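Visitor: Please give me a close look at a single part of this model. Keep it brisk, and give the cut-offs as you go.

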Amino acid sequence: MDKIWRYTPQSGFTNKNAGFSMWCFGTYQDKEFFIKQFLSPKYPAQDKESSPEKIAKKRKECAAFEQRQKRLYATLAEHSDGNDVSILAFFRVSSRYYIVTEKIEALPWTVETVAALDESEKRRLCAIIAHAIAALHKGRLVHSDIKHDNILYTHTESGQVTAKIIDFDGGFLESDPPSMEDGVTGDTNYFSPEVCARAYGEERPLTTGLDIFALGILFHQYFSGELPDYDRENASCPGEAVLQGSSLHLSESLPEDVSALIGKMLSQDPQARPTAQEVFEALRPYHPDEEFSAFGDFDEAIRLLGSRGAADDAEDAATPLRSASPDGGTSPFYIPGDL
Ligand SMILES: Nc1ncnc2c1ncn2[C@@H]1O[C@H](COP(=O)(O)OP(=O)(O)O)[C@@H](O)[C@H]1O
Ligand SMILES: [Mg+2]
């Protein structure tokens, strides 16, 4: 199979569990990585059919996309607690953009799998997730697509299960939120009231608070197996019901303290929701000895990809790093530790 820059795909691309991407695993120097191809934007080819103005406009959009993603990925790498899966490379080959991350040996866990665990284990996993989100929020990075499909469960070396947060590509920095035009994509079941307000043409600030609402929905699913109940006749998702001023009905099966915590996380006013750090601290006392940071794999991958070994120098000479390559070829934009 043809290489994608340095990486040899191990199969064709698939869209399994994906939203706006295609992905596969690929190897580089005998190590396997996750490779994701963006469906948009596409870098315009210099063809005869498009007008120069159209091409120039698309290139400008692509340049803005590259800038935004680079800042996002650098902030992610700086703040991740090791369970936020950081981006190891961001590049373009011809018209397509790609990112590379470490490969997670993910367990085939569904919401029902987590819901069937004992309560103490749920608290431990939810605390790991809250800790990872709190780390991002310290960098004012909003994930903006928190949901079960974007949490991967995997075994640590000691044989325990841990949670990894993936799919930051639709995220944003609080200082640079998506415009009304760009909108917010994701699973509507996890949309916060302020995101839902946009559907009515009402612009409310988008902050880290929207992740807390999504986390509240996710934790409700984990502790009870279901979404919180809401007025389905008048609202299409929980966030819309809250926006309309009706409260959500939380499951009776939730432990009392968890129910109170989730209730606050699902407040209409983002300021009334607890921070991710407060959510973490509420769950942590049950697991005082847990390690909540895990950096081993990322550091190892950075050593492999970030350092310029002899083998790399030969390859980079063939496709010069940071070449403008406007019409095809390979352009790496981001490699952590290399900016
Ligand atoms: N690092 C990884 N290791 C293993 N599988 C992954 C990894 N990242 C993503 N996946 C799988 O690929 C799917 C799509 O990736 P994701 O980043 O969520 O793309 P999308 O933005 O299209 O949702 C995930 O739901 C998961 O099943
Ligand atoms: Mg996803």
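Guide: All 5 of the 5 residues in strand S4 (residues 89-93) are buried, so the strand is largely enclosed by the rest of the structure. Buried means that 20 or more other C-beta atoms lie within 10 Å of a residue's own; 12 or fewer is exposed, in between is partly exposed, and C-beta atoms are placed from the backbone. Strands (E, at least two residues) and helices (H or I, at least four) are DSSP runs, numbered from the N terminus.

This is a predicted model: local features need pLDDT of at least 70, side-chain atom pairs count only at pLDDT 80 or more, and totals for chains, interfaces and linings use all residues. Residues are numbered from 1 along each chain as its sequence is written, while chains are lettered from A and ligands numbered from 1 in the order in which they are written.

Now the two faces. In a regular strand, side chains alternate between the two faces of the sheet. In S4, Ala-89, Phe-91 and Val-93 point one way. Phe-90 and Arg-92 point the other way.

Next, the partner. S4 pairs with strand S5 (residues 96-102) in the antiparallel sense, over 5 bridges. Pairing requires at least two DSSP bridges between the strands. Phe-91 stands opposite Tyr-98 of S5. The hairpin has 2 residues between its strands, and Ser-94 there takes a positive phi near 50°.

Ala-89 is among the residues that touch the most other members of the largest nonpolar core, which has 74 residues. Ile-129, Ala-130 and Leu-215 are the others. Such a core is a set of buried Ala, Val, Leu, Ile, Met, Phe, Trp, Tyr and Cys residues joined through C-beta atoms within 7 Å. Helix H3 gives the most to this core, with 11 residues. Domain 1 (8-103 + 308-324) and domain 2 (111-305) both contribute, so the core lies between them. Those bounds come from an automatic or database domain assignment.

H3 (residues 119-138) is mostly covered, with 16 of its 20 residues buried.

In all, 19 residues surround ligand 1, the closest being Asn-17, Ala-18, Ser-21, Phe-34 and Asp-167. The cut-off is a C-beta atom, placed from the backbone, within 6 Å. Strand S2 (21-28), strand S3 (31-38) and S5 each give two or more residues to that shell.
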